[in-house]
Amino acid sequence: MIKKRFFVKIFSGYFLAAIILPLLIALFTVSIIRSHYLETLGAGLKAETIILETKTGEFLRKADYKGLRDYIGIIRKDISARITVVDRDGIVIADSDSDYRSMENHIYRPEIAAAFSGLTETVIRYSESTGTEMLYCAMPVKDENGAAAWALRTSYYVSGVNALINSLLSRIGAVTILIVVLSLVAAFFIARRIYLPVKRLAAASREMASGNFGARVVIHEKNELKDLADAFNELGAEIGKLIAELTEKNTQINTIVSSIAEGLIVVDEKGSVILVNSSFKKIAGTDCAGSGFYWECFMPPGFNGVLESALKKKKNCIEQLEINSRVYLCSATYMENSGHAAMIMYDITEFKELERIKKDFVANVSHELKTPLTAIKGFAETLEPEVKTADAKRYLEIIKNNTERLINIVSDLLTLSELEQPDVVFNGEEADIEAVIKDVARIFEAAAKKKGLYVKTSFEPGMGRIKGDTFRLEQALVNIIGNAVKYTDSGGVEISAANAEGGIEIKISDTGCGIPEGGLERVFERFYVVDKSRSRKLGGTGLGLSIAKHIIQLHKGFIKAESEKGKGSVFTIFLPK
């Protein structure tokens, strides 16, 4: 049906062109010939009128109307034009073809009115006297004073012109019909010549759409359609190669995705699941691909939250979830090009178990070490008055310092163990941040003054309070401000607090040695120290910032560090209200 319709469209176009163009040419030709013929006839009529005016004027100025009528009757035999003479009042006083006495008044005839205005005009109009269309030419005839006293009018019957035009039209019509017939025959063959190659191209396209990329179109005529067919054949060959390559790559990707041990799920911007691997099916206990949305996969609410956050915020999100007694690290990535989100679920159950064992081990060892270390420190202090020699005193001081350092490390490890417990509970009291900062700043005033440093504080009015554990917040600030004073040799430390959106922002700035570029990412790791030799000299454990970070996070806040080597550091803490 579509094929026939296409042929009909092509043929119809040529058919209309074959009919309309000859008809328009015929009509314009007849119109031009008629217009030109009437124009020529009018010019001849005007010339005859001018010739007649001289003799007619002589009779009229003598008032010899009988002579005028006889003259008109005689001259009418020699010319084909009808002659009419009208006086100033519009009364016909002579006519070559009719009885002038029975003719009506002509004062309102357009050509007569123009003549009495001094003009000579040629017009075509319907004649009331003859009952047919006439071509008129009227000019004024002047009296002895030069006034237009009479009007001389000549006229032709247009029916003769129409007969000539009709004869011409019949001949043109015959030629037009012949042209139309020949054009239709040509249109049929031209349409067929276009239609058949297009039909082959359409058939080959359907075969290619069904998966047969070996379909080809052969056209022998050397024209644009052959070029199109050749291009189509080349396109088919290229598409076949590309499809084969894509199929192979798709197979490889599917194999890789299926073999990934981690769970993988990909969703579109609407949340529809478009891909899951076998590992995800095992985790979810069902095949979610193509069955609906990701929230229908019967996973815990946190799972939905990670994907929703990645899609809505258009950024990568990471969350740790417990599913069916297993712990998974879920990493959702937003793909900007497609608007999709992909999540990989790493099973970290064993790592979490090892981490728990390690924490328990550290906690137990710390507890076990605390008692003997305290005993060593006590006995060293007890021996101190009994020691007399300088060497013995020096050795005893070394024992005390190292014991103190070990006690600090054990104490910090126990603090970390406490903070990392899943059931850790903070006192939910109203904490006055300004008071907390001032109390901590006073602790370091003496140490700072001893080193020639300043400790400044500044607060924005009306900060209000936050809900938190005052003791733990003091502990976090002590570790951060203590480091700032410890690693600053000149200048000082500035502590400021101000309102921020949804909470309070605290900044601790120092003019110390700073942190090298590679160290900023690790300053909150356990036992990480920027300058090991200086830390050993000053007695640092490398656990203070890690403890501070844990405390801030347990208050639902965050901490970040900025620094430039040799120019100091800035630690920013945000605590929600």
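The expected span of a helix is 1.5 Å times one less than its number of residues. I begin with that rule, colleagues, because the helix I wish to present can be checked against it. Please note that the structure before you is a predicted model.

Let us take helix α12, which covers residues 470-486. With 17 residues at 1.5 Å a residue, α12 should span 24 Å. The end C-alpha atoms of α12 are 23 Å apart, which agrees with that expectation.

Is α12 largely enclosed or largely open? Twelve of its 17 residues are buried, so the helix is largely enclosed by the rest of the structure. Among the buried residues are Leu473, Leu477, Ile480, Ile481 and Val485. The buried set also includes Arg472, Gln475 and Asn479. At the start of the helix, a side-chain oxygen of Asp469 comes to within 3.1 Å of the backbone nitrogen of Phe471.

What does α12 lie across? It lies across strands β14, β15, β16 and β17, and it runs at about 25° to β15. These strands belong to an open sheet of five, in the order β12-β14-β15-β17-β16, with mixed pairing. The edge strands are β12, residues 454-459, and β16, residues 558-564, each of which pairs on one side only. On average, neighbouring strands of this sheet are turned by 15° against each other, direction ignored.

In the case of β16 and β17, the two strands run antiparallel and are joined by seven bridges. Strand β17 comprises residues 568-576. Within this pairing, Phe558 stands opposite Phe574 of β17.

Helix α10, residues 433-443, lies across β12, β14, β15 and β17. The direction of α10 is at about 175° to that of β12.

I now turn to charged pairs. How many salt bridges does a search of the whole structure find? The search finds 15. I shall discuss some of them.

In helix α1, which covers residues 2-61, Lys55 and Glu58 are three residues apart, about one turn of the helix. They form a salt bridge in which the closest N and O atoms are 3.7 Å apart. Lys55 is partly exposed, with a relative accessible area of 35%, and Glu58 is likewise partly exposed, at 35%.

Asp70 and Lys66 form a salt bridge, with the closest N and O atoms 3.3 Å apart. Being four residues apart in α2, they are separated by about one helical turn. The geometry follows a general rule: an α-helix has 3.6 residues a turn, so residues three or four places apart point the same way. Asp70 is partly exposed, with a relative accessible area of 40%. Lys66, at 59% relative accessibility, counts as exposed, because the limit for that class is over 50%.

Through salt bridges that share partners, Glu111, Arg125 and Arg153 are joined into one network.

Thank you for your attention.

Notes
Residues numbered from 1 in each chain as written. Predicted model: local features only at pLDDT ≥ 70, side-chain atom pairs only at ≥ 80, totals over all residues. Heavy atoms only, no water. Buried < 20%, exposed > 50% of the residue type's maximum accessible area, 1.4 Å probe, protein only. Polar contact = N/O pair within 3.5 Å; in protein donor to acceptor, adjacent residues only side chain to side chain. Pairing = 2+ DSSP bridges. Axes fitted to C-alpha atoms, helices over the stretch in contact; angles between N-to-C directions. Contact = heavy atoms within 4.5 Å. Salt bridge = Lys/Arg side-chain N within 4 Å of Asp/Glu carboxyl O.
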